[in-house]
Amino acid sequence: MATNKRDAIRSLLLSRLVKGFLLRGSSLLLLLAVFLILALFEPVTSLAESGKGGGAVSLHASRTAPLTIEEVLARIELTHPLLKATGVERKQARAKILKALGAWEPTVKNITETARIQIWNFLAYDHVTTGGFNDTKLEVGHPWGFRILGGIRNGFGDRSAIGTPPNSGGTVALIPDIQLFYPQQQIIVGGSFHLLRGLMMNDEYAEFQQAELAGPLAEVHVAQKRQDLYLAGAIQYWDWQLAVKQAEVQRQALRVAEERYAQIEGQAKAGKVSPLDVVEQGQEVQRRKQAAIAAQRKVELEQYKLSLFLWENGEPVTPRPEWAPEFQGETPLPTEEEIAAYKAEAKEDRPEVRALYIEAKMNNIDLKLAKNYLLPKFDFEGGRTDAPADWIVGVGYRYATQFAMPLFQREGRGKVLDAEAEQQRLILSQVYTEQQVSIDVDNWLSAIVRARDRVRAAAEAYRLAKELEAGERKRFEMGISSILFVNLREQNAVEAAFELYQAQYDYDLARGGLLLARGALSKPVGDAVLAKYGDPLTAAGKHGYKQQGRD
């Protein structure tokens with residue numbers, strides 16, 4: 001229907017413009033401008049219509065479906081920038097691992113050295129010997145504290161016995177042992193080992209082990225940010241919902257007061273009621289108008305705050321008041337078995353507890369490293385020497401051991417004492433946090449029960465207030481009551497409605513608090529729900545995950 005109407009308008013516009021062009025003898029430029037306008041008109045209209053038919057639900061001004069708490073949480077998971085920013089920690093965790101692995105990076109080395117030696121015999125110049133080598137070797141380290149290397153050495157230069165006259169002739173520099181393919185080429189091997197301190201536990205290995213825990217810690221931080229955003233978004237959603245419902249009550253009360261004002265004003269002109277009743281009702285209208293304006297301002301404030309949790313195309317979307325649904329009804333209370341399961345779930349899934357577990361693992365690594373510092377330093381290294389002069393005269397190997405032990409072990413004992421103190425702190429914090437999350441379950445369960453009872457009492461109070469309001473209105477129509485009492489009854493009904501909505505708000509908040517206590521808000525919304533509002537594969541909560549392939 002809309003397409004046919006658009007085509008008809010376009011045809012009519014085209015016929016009129018062409019007719020005007022032929023009658024007035026306009027220039028060719030005008031005709032080109034006409035077709036350009038029509039060409040631009042078509043894609044704009046198509047774009048406006050195409051926004052209504054996507055696979056995912058969009059937040060448009062023409063929307064009529066209510067905004068649910070499920071959608072708010074899904075949009076936080078899909079698009080919220082702060083959740084995506086926290087996901088960057090996943091990349092940083094991988095960067096820490098790569099940086100730690102650099103301590104044992106296989107390294108190719110190429111070294112060329114040359115030595116020129118002048119030989120003197122009893123203060124008389126004898127001859128000059130020149131020699132050198134080119135090494136190409138691969139050096140590899142291991143986290144347990146040893147490094148090995150292997151490669152090929154190519155020698156060059158002359159090699160003569162010391163003191164031999166130059167005219168006796170020298171020989172080409174020869175490899176003394178482990179020859180490879182020709183006399184000037186040999187295999188070289190070497191390495192170094194930590195025999196006590198640094199064996200199987202050293203600074204580099206401890207850094208790598210802690211870097212491996214940076215990934216799980218990043219997941220905990222993402223879960224914590226998700227929990228914070230889910231909770232804040234849910235509370236803001238209910239604040240907005242409460243403000244909209246209370247504003248509707250105020251607007252309805254204002255409409256009733258305005259209708260009564262017009263009625264009483266007509267009756268006063270006919271002499272049926274006192275002019276003071278008109279003044280009093282006019283004052284009531286202005287009082288309710290002030291309340292309605294304040295309630296509208298409250299709605300606008302809450303909807304702008306809620307827009308920071310509803311993102312689409314990189315921008316926050318402001319919800320409209322007509323999107324606010326009614327408060328949900330009462331739900332069954334969990335059983336004792338379910339409550340016990342909630343407490344066990346909270347101790348496993350709450351980010352606060354998980355973070356302490358990871359911190360304890362990191363501290364255990366520090367404690368192992370500190371205890372390793374109490375061992376003496378005893379290192380061994382060996383291999384071909386890199387000095388050309390030594391190679392020329394035939395001394396080609398070097399072996400060394402190094403032993404060192406602090407007499408009082410102050411550094412090692414200090415590291416151990418610090419790690420043990422941190423371990424005690426984490427144990428106490430862990431005990432407290434586990435009990436805290438267990439108490440949170442009981443606390444929010446109590447809040448649900450009390451809020452449910454308040455809803456029941458508030459609903460009955462609202463029903464009675466409406467009965468009193470209707471009865472007082474009848475008495476006024478019969479002439480046995482005054483406008484003052486009618487306004488008081490109506491105001492009492494408005495306050496009762498406010499109390500009912502506030503109790504329903506507290507009930508929904510308590511149910512959300514129970515989800516928080518058991519750790520459910522730290523988990524992402526299911527993919528089946530996310531698919532209704534966007535692409536789960538590009539969700540903000542999944543930002544920073546390692547893609548397939550190697551770093």
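Trainee: What should I know before I start?

Mentor: The model is predicted, so local features need pLDDT of at least 70 and side-chain atom pairs count only at pLDDT 80 or more, while totals for chains, interfaces and linings use all residues. Residues are numbered from 1 along each chain as its sequence is written, and side-chain values use heavy atoms, with hydrogens and water left out.

Trainee: How much space lies in the largest pocket?

Mentor: First, the idea: on a 1 Å grid over the protein atoms alone, a pocket is an open set of points where a 1.4 Å probe fits, with protein on both sides within 12 Å along at least five of seven lines; lining residues have an atom within 4 Å of a point. Points are joined across faces, edges and corners, and the volume is the space filled by probe spheres set on them. Here that comes to about 600 Å³.

Trainee: Which residues lie nearest its centre?

Mentor: Ile69, Gln328, Arg511, Gly512 and Leu515, out of 29 lining residues. Two or more come from each of α3 (69-79), α5 (203-269), α7 (336-349) and α11 (483-517), and α11 gives the most, with six. Helices here are DSSP runs (H or I, at least four residues), numbered from the N terminus.

Trainee: Which residues of α7 are buried?

Mentor: Buried means under 20% relative accessible area, and exposed over 50%, with a 1.4 Å probe and protein chains only. In α7, Ile339, Tyr342, Glu345, Ala346 and Asp349 are buried. Seen down the axis of α7, they fall within an arc of 120° (taken from the directions from the axis to the C-beta atoms), so they line one face of the helix. On the other side, Glu336, Glu337 and Glu348 are exposed.

Trainee: What covers that buried face of α7?

Mentor: The cover includes α8 (351-372), α10 (410-478) and α11.

Trainee: What does tryptophan 238 touch?

Mentor: Contact means heavy atoms within 4.5 Å. Tryptophan 238 lies in α5 and is buried, at 9% relative accessible area. Not counting residues up to four places away in sequence, tryptophan 238 touches Ile69, Tyr505, Asp508, Leu509 and Gly512.

Trainee: And arginine 452: where is its place?

Mentor: Arginine 452 is in α10, and its 16% relative accessibility counts as buried. Leaving aside neighbours within four places in sequence, arginine 452 is in contact with Glu330, Leu333 and Tyr507.
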